[in-house]
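Dear colleague,

Please find below the structure that I am handing over to you.

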Amino acid sequence: MNYQRILVTGGAGFIGSHIVDHLVKLKKKVRILDNLHSQIHLNGKPPLYLNSHAEFIKGDVTNRNDWQKSLKDIEVVIHFAAAVGVGQSMYQIERYVRDNSLGTAILLDILANERHKVKKMLIAASMSSFGEGMYKCPGCHLLQQPQLRLLRDLQKCKWEPSCINCAAMLQPMPTSEEAKLQSPSVYAITKKNQEDLMMSVGKAYRIPVVSLRFFNAFGTRQSLSNPYNGVAAIFLSRVKNNKQPIINEDGAQTRDFIHIKDIVNAVELCIKNSKADYEIFNVGSGIPITINDVAKTVLSLCDSRITPQLTGKFRPFDIRHCYADISKLTKLLGWKPRISFRDGMFEVYEWSKRETAVDLVDDALGELSKRQLQ
Ligand SMILES: NC(=O)c1ccc[n+]([C@@H]2O[C@H](COP(=O)([O-])OP(=O)(O)OC[C@H]3O[C@@H](n4cnc5c(N)ncnc54)[C@H](O)[C@@H]3O)[C@@H](O)[C@H]2O)c1
Ligand SMILES: [Zn+2]
C-alpha cells in the first residue's frame, strides 16, 4: 500500500529521526511527536538534525491530547518514542511503565474509541525481552533458552550459562522470534507490553500491526551523552573524554549490532508490504560481537592508547548472549543487513568528531551501585 501521511513518535531520537529523513525523501507527509527528553537531547533542545520538512509536535505520549493532535489525518503510526535503558528501568520503574506501556495504551484507547484514519502501525519492540537467547549443549545436544544466571554463579565469576540437563557450558545459537520472552528487566517487560498491546488491539480492530524486535542499534545520532543506552556510543563518548570504556564481567559476553541504515530499510519494507501485517520480526545482524571487541573497535578507530577497564562486576538482570535469527525477515520481505559493525562504527566515529559528548557514565554507575545493581 502506498500510504502518505505518517506519524513518527520519537522522531527526534536516534532511530526515529533517520526514519523521518527517509520518509521525507520518499515524499511522504511526516509528523513527529516527541517530548525532547533531556536525557537524550541536551537541555531539552531540538536536535540540529531535526528534519524541517516534517511537522514537529512537541508533546508526550502519556498525554491523550498530544496523541489526538498528532493522529489527525494520519494513516500510519510508527510508535518509536520510549524510555530506553535496561539498567535505568530497574529504578525509574514508574517512568518506564508510564512512558512505554501506558503511552501505548493511550494510543490504542484513542483508536478504539475515537474517529481516526489509521490503517497500519509499527511498534519498536526489543531483543531485551528475550532475556537469554537460545543455546545448544555440546554434551547432550539439548537446545534450550536458559533463565537469568544465578547470583551465586555470577559471584563466582561463572559467566557462561550451563546446561539444565548435564551442566556442561552452553554454546549460543541464533534466537528466532519463536523463543520465549522472559523479560528480565522492567524495560524488557514494557517492550513486551507494547508489542502485546499493539498486536491485541490491532488484530481486534483490523488495523495491521508490525512489531520490530530491534537488537542493538547503532549509527550516527545515537546520543553520546546518554549513559543508559547504546554500548558502542557510550564507549566512544568515554574515549572522546579520555576515559576508559568500562566493561562488566570478562567482556566475552556478546551482543548483535544492527546499523541504522539496515533498520530504516526494514521499516520501509514493513510499511509497504502487506505480508508484514500482524507479524513480529527480529531486526539484527545475526552476528554476535563481544563487548571486548566493541571496545577494541572504538579504541582503534580513535587511535587511542587507553585500555578498557574490566570490572569483573555484573548486573543481576544482564544476559550473557543473544543474537538474532533473521531468516523470517529475510525470507518474507527480502531484507538483508548490509553494513558491517566495523564500517558502521567508522561512520559513527567520523560523525562524532563534530559532536559534543558529555560523559555521564560515572553518575549512571553510581545510581546502580547504590542500589547494589552493579
Ligand atoms: N537503540 C536500540 O538499540 C534499541 C533496541 C531495541 C529497541 N529500541 C526501541 O527503538 C525505539 C527508538 O529508540 P532510540 O534508540 O531511537 O531511542 P532515543 O532515546 O534516541 O529516541 C527516543 C525518542 O523518544 C522521545 N521520547 C522519550 N519519551 C517520550 C515521551 N514520553 N513522549 C514523547 N517522546 C518521548 C525522546 O525525546 C527521543 O527523541 C524505542 O522504542 C526503543 O525502545 C531501540
Ligand atoms: Zn547438556
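Two strands pair if DSSP finds at least two bridges between them. Strands (E, at least two residues) and helices (H or I, at least four residues) are DSSP runs, numbered from the N terminus. This is a predicted model, in which local features need pLDDT of at least 70 and side-chain atom pairs count only at pLDDT 80 or more, while totals for chains, interfaces and linings use all residues. Residues are numbered from 1 along each chain as its sequence is written, and chains are lettered from A and ligands numbered from 1 in the order in which they are written.

In β2, Lys 29 is the bridge partner of Arg 5. Five bridges join β1 (residues 5-9) to β2 (residues 29-34) in the parallel sense. Both strands belong to an open sheet of seven strands with parallel pairing, in the order β3-β2-β1-β4-β5-β10-β14. Its edge strands, β3 (55-58) and β14 (280-283), each pair on one side only. Direction ignored, neighbouring strands of this sheet are turned by 20° against each other on average. Helix α6 (residues 186-204) packs on the sheet and touches β5 (120-126), β10 (209-214) and β14; contact here requires C-beta atoms, placed from the backbone, within 7 Å. The direction of α6 makes about 160° with that of β5 (axes are lines fitted to C-alpha atoms, for helices over the stretch in contact, and angles run from 0 to 180 degrees between N-to-C directions).

A second open sheet has three strands in the order β11-β13-β15, with mixed pairing. β11 (216-218) and β15 (288-290) are at its edges with a single partner strand each, so one side of each is left without a neighbour in the sheet. β13 (residues 254-259) and β15 pair in the antiparallel sense over three bridges, and Arg 255 has Ile 289 in β15 as its bridge partner. Helix α8 (residues 260-272) lies across β11 and β13, at about 65° to β13.

Turning to helix packing, α2 (residues 64-71) and α4 (residues 93-113) pack at about 60°, with their axes 10 Å apart. Arg 64, Trp 67, Gln 68 and Leu 71 in α2 meet Ile 106, Leu 107 and Ile 110 in α4.

Finally, the domain assignment, which is automatic or from a database, gives domain 1 (5-131 + 174-222 + 256-288 + 320-349) and domain 2 (135-172). Their C-alpha centres lie 32 Å apart. Nine residues of domain 1 are in contact with eight of domain 2.

Yours sincerely

Methods: Two residues are in contact if their C-beta atoms, placed from the backbone, lie within 7 Å.
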